[in-house]
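Here is a brief tour of a protein model.

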Amino acid sequence: MKIAIVGLGFVGLSLAVVLASKNKSVIGIDIDEEKCKKIRDTTIPFYEPGLKNILKTGLKKNLIISNDFSLIKNCDMIFVTVGTPQKSNGEIELAMIKKATSTIGKFLKKNKNKPIIFIKSTVIPGTIQDVIVPILEKNSGKKNNNDFGIISNPEFLQESNAIHDTKFPHAIVLGGEDTKFMKRAERFFSKMFSGVPIIKTNYQSAEMIKYANNSFLATKITFINQLSNICQSIPGSNIDDIARGIGLDPRIGKLFLNAGPGYGGSCLPKDMKALINFSESIGITPTLLNAVEKTNRDQINNIISLLKKKLGSLSGKKITILGTSFKPNTDDIRDSKSIELIKKLLNNNAKITAHDPKALKNTKKIFNQKIKYENSMIDALDTSQCAIIMTHWKEYDGLNDALLRKMKRKFIIDCRRVLVNKKLDVQYYAIGVGEKI
Ligand code: UGA
């Protein structure tokens, strides 16, 4: 059996290496030849723990990386994993998936294997039926559910945990009609990921499951963030204790209750906006989702307000940002709350120094000379008037009085409560922790 994966971002590359590690013959295809070359040299264009090693093994055995779409013609399964970013109005951008599927369609003409085409890219309900099926049928001259089978197969992996999540998914969603292709898909997944529940449904529901999943996670995070703002005004209270207390209720669950500066990344913000946009386009006002979005935006303003309350004008003041990636163990800064905070601080004429164990290179691409970058924590903190912990990198657990000694004003805003249990000689404020009386 030959499997092609089209689009080699986090999802596509992780799937390619994991399927190769399960002894499948895999062809990873991407339109970007430069990117393909780098991946063949195991120079992955992003940081993802564990990916490099498994990629190396795959490349020595049964994994091919290429920009040649014609390789699709011998495949039995084709996974589409190209990005579906957002337009400036929040609407989903389908240009890439349209292009990828029309190219796939052309090579399907010559494919005699009756392949299954899995759509992993996140798309708004109705997109597969109304856009992707017609593109593939027109370009191939063949019929869905007869000459090939299109199946929606949304992805739930988390960046920084991509290999683990790909190897051990919590569920597999298969959307499409009950055809021989669906039966084959089900057999394939139950063999590959034995014991993992498979949810079979139609295209629209499968597409919606992905948005429901991400918007629920965004709502859960926002709920705890809202409570953390209330806790901040309850002297002595700590949001983490409240999260632990409610998290033990199995109806709530303990994950995704870490209060912070708001959710970021390339997925939750984009998918929330796309769902809101879609909902409005069909005449439904998504009151709750709108409130989540707004609350998430306001979270950064709360940090700025606290800063101003303590420092007065921010003009000319040196502020150190600890962590620019949208979460730890990644160099991804897309829609990172840190980046948003830095932009707002620059608007207030503050002088910014950024520290991050992995993401400084990407941060530089945005701010160039507008801010300073330091690889060492002690240098980043030198003469600073406030340090703001934005991302919970494990390095920040080690912050102590010795590392903080060069600060001009020993003042910390801890958005992740990394130092909450430490006795430090600093003025300390943590998101979600009420000041002691
Ligand atoms: C998210 C979903 O979690 C995945 O299931 C989904 O597959 C993926 O989007 C996608 O659609 O591709 P990811 O973007 O990697 O995954 O990021 P998350 O781990 O969900 O974190 C998102 C943001 O929420 C980060 O800024 C993180 O710091 C924040 N967060 C998360 C919190 O502030 N508190 C929490 O308790 C959890």
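Helix α10 covers residues 268-281, 14 residues in total. From first C-alpha to last it reaches 20 Å, close to the 20 Å expected at 1.5 Å a residue. The model is predicted. Most of α10 is covered, with 10 of its 14 residues buried. Among them are Leu268, Pro269, Met272, Leu275, Ile276 and Phe278. Lys270 and Asp271 are buried as well. Which helices do the buried residues of α10 pack against? They pack against α8 (203-231) and α11 (287-311). After α10 comes glycine 283, with a positive phi near 85 degrees.

Next, a helix pair. The axes of α4 (residues 95-108) and α5 (residues 127-140) come within 7 Å. They cross at roughly 35 degrees, and the crossing is right-handed. On the α4 side, the residues that meet α5 include Ile97, Thr101, Ile104 and Leu108. On the α5 side, Val131, Ile132, Ile135 and Leu136 are among those that meet α4. By class, this contact has seven nonpolar, five polar and two charged residues.

Last, a single residue. Asparagine 362 sits in helix α13 (residues 360-367). Leaving aside residues up to four places away in sequence, asparagine 362 touches Asp331 and Ile333. Its side chain also has the polar partners below.

| Side chain | Partner | Distance |
|---|---|---|
| Asparagine 362 | Side chain of lysine 365 | 3.1 Å |

How values were computed
Residues numbered from 1 in each chain as written. Predicted model: local features only at pLDDT ≥ 70, side-chain atom pairs only at ≥ 80, totals over all residues. Heavy atoms only, no water. Helix = DSSP H or I, 4+ residues; strand = E, 2+ residues; numbered from the N terminus. Polar contact = N/O pair within 3.5 Å; in protein donor to acceptor, adjacent residues only side chain to side chain. Contact = heavy atoms within 4.5 Å. Axes fitted to C-alpha atoms, helices over the stretch in contact; angles between N-to-C directions. Left-handed = near helix turned anticlockwise from the far one by under 90°. Nonpolar A, V, L, I, M, F, W, Y, C, P; charged D, E, K, R; others polar. Expected span 1.5 Å × (residues − 1). Buried < 20%, exposed > 50% of the residue type's maximum accessible area, 1.4 Å probe, protein only.
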